[in-house]
Every structure is written in structure tokens, then in C-alpha cells.
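Colleague: Thanks for sitting down with me. Could we look at how the helices pack in this model and what space is left between them?

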Amino acid sequence: MTERYERMRDTTKDIDLFSEDLDYLSFFSHLQGLFEENHGLIKKLMDDTNSRYVTQRVMEENETKSFELVKTRFDMKPEILHIYFRYYTRGMSGSFLEWFMNLDTVPLEEFVETVKNINMQMREALLQYRKTQPDE
């Protein structure tokens with residue numbers, strides 16, 4: 001279980017979610033493969049209330065590492081950027097888990113295109129917010 005957790009964690013720890021160069025299809029295809037390898041474990045984590053704590057901790061750890069990458073790219077208060085980042089990462093994680101648990105509803109390519117569009121809108125919102133802030 002520890003090995004599986006570490007493989008899943010390592011997949012996302014160095015990803016800059018707001019990069020224009022992120023290859024969404026490769027990223028989510030790889031993530032889907034890892035989830036398929038661990039489908040039983042993930043289903044148990046999602047179904048068991050006590051296990052959700054573990055899932056929450058995994059997400060928080062990955063968010064912290066990813067946030068360190070993102071915060072260097074945006075010249076704004078880290079506290080404000082963190083609000084955007086947390087909103088986005090929790091939404092993306094929840095959306096992916098929902099999609100994964102119901103694979104027959106939307107093809108991977110369509111899911112990826114949707115997430116990519118949302119991501120670009122979030123990036124634009126960050127840039128617009130920054131423009132409204134006085135220089136420090």
C-alpha cells in the first residue's frame with residue numbers, strides 16, 4: 001500500500017498545473033493507468049469514511065508540493081494564490097475521481113479537454129486578479 005501510494009504521489013508532485021505546456025492527455029492517461037492498477041484500493045478509500053482521511057492527507061501533501069512550483073510563477077500574495085490553487089486542485093481531484101468511478105460516462109479525451117479548458121480559465125483569472133492589484 002505504501003509503494004502504491006508513493007507511485008501515485010510521485011506522479012503529481014512535480015506537475016505545474018498552471019503551465020501552458022502541460023500535456024493533459026499524457027498526465028491523465030498515466031493517472032488513469034495508476035488508478036486502474038489500484039482500482040480496488042481506491043474504491044475502498046472512496047467508500048470508507050475512515051479512509052477518506054488518508055485520501056485527504058494525500059491530496060494535501062500533493063497540493064503543498066505543487067503549490068511550491070506554482071507560486072514562483074505568479075507575482076501575487078501567496079495567501080490569495082493558495083485560495084485559487086486549493087479551489088482548482090480540489091475541484092480537479094474530485095472531478096477526476098468522479099470520472100474514474102464512472103468511466104463509461106465521458107471518454108478520457110473529452111474529460112481531458114474539459115479540464116484543460118477549466119485550467120486555462122483559472123490561469124486567466126489568476127492573471128486578471130494580478131492586474132487589479134497595486135504593485136508592492
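Predicted model: local features only at pLDDT ≥ 70, side-chain atom pairs only at ≥ 80, totals over all residues.

Colleague: How do the residues of the contact of H2 with H6 divide by class?

Modeller: On the H2 side, Tyr24, Leu25, Phe28, Ser29 and Gln32 take part. They meet H6 residues including Leu108, Glu109, Phe111, Lys116 and Met120. The residues of this contact of H2 with H6 divide into 8 nonpolar, 3 polar and 2 charged.

Colleague: Nice. At roughly what angle do the axes of H2 and H5 cross?

Modeller: H2 covers residues 24–37, and its axis comes within 11 Å of that of H5. The crossing of H2 and H5 is right-handed. The angle makes H2 oblique to H5, and its value is roughly 55°.

Colleague: Which residues in H5 does H2 meet?

Modeller: H2 contributes Phe28, Leu31, Gln32, Phe35 and Glu36. By class, the contact of H2 with H5 has 8 nonpolar, 1 polar and 1 charged residues. The H5 partners are Met92, Phe96, Leu97, Trp99 and Phe100.

Colleague: And H5 with H6: are they roughly parallel or roughly antiparallel?

Modeller: H5 spans residues 78–101 and H6 spans residues 108–132, and their axes are 11 Å apart. The packing angle is about 170°, and angles over 145 degrees count in one class. That makes H5, relative to H6, roughly antiparallel.

Colleague: How many charged residues does the contact of H5 with H6 have?

Modeller: Among the H5 residues that meet H6 are Ile80, Leu81, Tyr84, Met92 and Trp99. The H6 side includes Val115, Ile118, Asn119, Ala125 and Tyr129. By class there are 16 nonpolar and 2 polar residues in the contact of H5 with H6, and the charged count is no residues.

Colleague: Let's turn to the second largest pocket. Which helix gives the largest share of its lining?

Modeller: This pocket has a volume of about 190 Å³. Its lining includes Tyr87, Gly91, Ser95, Val106, Glu110 and Thr114. H5 and H6 each supply at least two residues of the lining. The largest share, 6 residues, comes from H5.

Colleague: Last one: how many residues of that pocket's lining are nonpolar?

Modeller: Tyr88, Met92, Trp99, Phe111, Val115 and Ile118 are also among the lining residues. The lining holds 3 polar residues and 1 charged, and the nonpolar count is 8.

Terms used
Residues numbered from 1 in each chain as written. Heavy atoms only, no water. Axes fitted to C-alpha atoms, helices over the stretch in contact; angles between N-to-C directions. Helix = DSSP H or I, 4+ residues; strand = E, 2+ residues; numbered from the N terminus. Parallel < 35°, antiparallel > 145°, perpendicular 65-115°, else oblique. Contact = heavy atoms within 4.5 Å. Nonpolar A, V, L, I, M, F, W, Y, C, P; charged D, E, K, R; others polar. 1 Å grid on protein atoms, 1.4 Å probe; cavity = no way out; pocket = protein on both sides within 12 Å on 5 of 7 lines; lining within 4 Å. Points joined across faces, edges and corners; volume = space filled by probe spheres on them. Left-handed = near helix turned anticlockwise from the far one by under 90°.
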